[in-house]
Amino acid sequence: MAVGSVTEVKEALAKVGYLADEPAALVSFLAQRLEKPILVEGPAGVGKTELAKALSRASDRELIRLQCYEGLDEAKALYEWNYRKQLLRIQAGGEDGWSDVHDDIFNAEFLLERPLMQAIASPEPVVLLIDEIDKTDQEFEAMLLELLSDFQITIPELGRVAATTMPIVVLTSNNSRELTEALKRRCLYLWLDYPELEREMEIVRLHAPELPEALARRLVEVVQMVRALDLKKPPSIAESIDWARTLLLMGAEDIDQETFEQSMSIIVKHRTDIELVAERVGVKLAEPLRPQA
Amino acid sequence: MPSPYGPRPEAGPPGLTAKLLGFCEELRGEGVAVGTSEILDAFAALEQVRWTSREDFREALAATIAKSQEDRRLFELLFERWFFRSAEAEAIERGIDERDRRYEGGDRLDLDELREQVRQAIVEGDDGEMRDLARLAISAFGRQGEGSGVVGVDVQRIRRTLGLSAGQQPPAEDGAGELPPIDREQLNAFERHLRRELERDLIERTATLPPSRPLAELDRALPTSPTQDLAAVHRAVSQMKRRLATLGHEQRGRRRGRTVDVRRTMRASLETGGVPLRLRYRPKRPRRPEIYVLCDVSTSVTSASVFFLSVLHALHDSFRKLRSFVFIERISEVTEVFEHERDFRAIAQRISSEGGVADVSGYTDYGRVWLEFLAEISDELDPRSTVIVLGDARTNGREPHAEVFAQIAERAGRLFWLNPEPKLYWNYGDSVMAAYERHCDGAFECWTTRHLESFVNVVAGGAPASD
């Protein structure tokens, strides 16, 4: 991916199926120019993770993903000594002196690389996705700081491992807790929200090209109407796309009340939500399709 | 440092650095944490984009400076204002006055025609068109006599004369059919343009900038979207945590003796032929929670309860030893909910669905709440415990049971009351704040994070934050 200008980045992303809006394209551009990590926040299902994947496809880089969860620790994220192999080495080399063994068992051969380490050590430039960083504890965040600001990791036994190539780092957060200032300071910040009607239509049409335009518009309108309700889980962009594909399979020509009730479960996935949506949106659909300008 | 991506775009105009630093200063003044590293990043980012594109310029600044949704909102508000003011200041300095040219054609305008055009522009959401029409509208009204001199009043006067209101439109008088509804957002946008143009007019007339005011509390105020302000609440509460942690230490220590566990002592004595040589002690009970929070969630405090819940949420994040209760007519413990859910919205939902406090009438019954609270945890209250009540002390005419409240206050080490109403309203109507206030170690008005911080300061023995 050429990073000459914001427009080029935007086009490159569009080519791999990700329609970035202006801020998203700009931040992706800046991240590569300034070599800084991107922190993406926003509600679930607006394409935060997808942005990282698209960046990896657009720049032909491998995507290394670290999925965060509560209790994730260094051994799972950074590196771990392969102690079984170390034990074997000690047993196999019975007559070697202690110092030989000691030097030997703490080298790269006995190191199990975890995602963060892989991203740093990779000879090819990569895209590193640290997904749902808000699920981890603050301690883990602190551990990331060295990596994010200097792109290096210090291993007590080996010394410092610095990145040979600059990875593009994307951190995503669902905003379920406040991240530390220190982490934020090192990142470029991008807030992704549900897209505007026109852009979501473009997205849906990109992923379900056979869908007629009028129907796509109707679909996106309904989805946005559903999002405006106070739901437990508002429909994501991926779900709009799924719904579009479902409608194609069903051979629907219009979203009327019947079609809606049959296929509603694609976009609404809570029992209480379904009732609410059926009551509020389903009824409106009884009216005929308004002619579109 | 030469960029590896070829030549840099040309540098910005002179004076930009100073302007940007001023802007960052302004952001800091409004409470956005802008560090030196952020400013450096902002400059680095600006070198990468064309500064002539307003959109890119703003986004590049935002990405490096505003690091949360809340910050972003403040950023947008201030960005508009700061650069508008800067441009106007520059214009004054250079003596540019385009009043005569700007309103050309205003006097030839027909009011009905203008009204139609404005309506059209608002419905279509055409920003540039709206701005031009705002100018025309102002000039058309300038003709009918000078404005009131107060920008806000003029804006509303013009809006009314144009017959603009949000929502469904009344049918046109000439029977031309139904008019399309006007979106509130778009109407606001038009009003913003009006305001801006009127301000510009005023600045040009007086050749001075009005003094810059801090953002109105309303613009940045709390409860609209709780998730946005969670951060500020969390900050205040984590401060409180540090302060409270040092309280009551003097009473700790080995004061409390251990108690002998008779059963285990007897069993151990079997080894020594039934003579209890070694005493066995009861294991120390795990330390009890030290903070109790009682939160009113009735309808009279609806506007504040979201804020209160976010305070509770933050408290739970900071304190392990915390038990929380919500109440309307009776109390219900919700400690578990907070312990199991991390997401604020999920918590709010669960509390409203399983709290089980709304019982019959839905009116708060403070007296009953104290009785129930005391019955439930009376023997756990000790001088180490802090009780915090969040509520408006409106009893709906029921028995306040202040004496029970006094008992609670006596047993607990400290008792604080946070009231979501301004002090002015306390003791008016059915508010019995005075009866309770006497027994509190402190009662505070509290509906914004500022108040919360002030409360924390007082708890720590400092002076309340000045308003």
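Two residues are in contact if their C-beta atoms, placed from the backbone, lie within 7 Å. This is a predicted model, in which local features need pLDDT of at least 70 and side-chain atom pairs count only at pLDDT 80 or more, while totals for chains, interfaces and linings use all residues. Residues are numbered from 1 along each chain as its sequence is written, and chains are lettered from A and ligands numbered from 1 in the order in which they are written.

**Exercise 1.** Describe the side of chain A that touches chain B.

Solution. Begin with the count: 22 residues of chain A are in contact with 25 residues of chain B. Next, look for the elements that give two or more residues to this side of chain A, which are α2 (22–34), α9 (181–185) and β9 (188–191) of chain A; helices (H or I, at least four residues) and strands (E, at least two) are DSSP runs, numbered from the N terminus. The most is given by α2(A), with seven residues.

**Exercise 2.** Trace the six-stranded open sheet of chain B.

Solution. The strands follow the order β3-β2-β1-β4-β5-β6, with mixed pairing; two strands pair if DSSP finds at least two bridges between them. At the edges stand β3 (331–333) and β6 (442–445) of chain B, each of which pairs on one side only. From one strand to the next, the twist averages 20 degrees, with axes taken as lines fitted to C-alpha atoms, for helices over the stretch in contact, and angles running from 0 to 180 degrees between N-to-C directions. Within the sheet, β1 (residues 291–296) and β4 (residues 386–390) of chain B run parallel and are joined by five bridges, and B:Leu294 of chain B stands opposite B:Val389 in β4(B). Helix α16 (residues 366–377) of chain B lies across β1, β2 (322–327) and β3, running at about 35 degrees to β3(B).

**Exercise 3.** Is A:Asp60 buried or exposed?

Solution. A:Asp60 counts as exposed because it has 11 C-beta neighbours inside 10 Å; a residue is buried if 20 or more other C-beta atoms lie within 10 Å of its own, exposed if 12 or fewer, and partly exposed in between, with C-beta atoms placed from the backbone.
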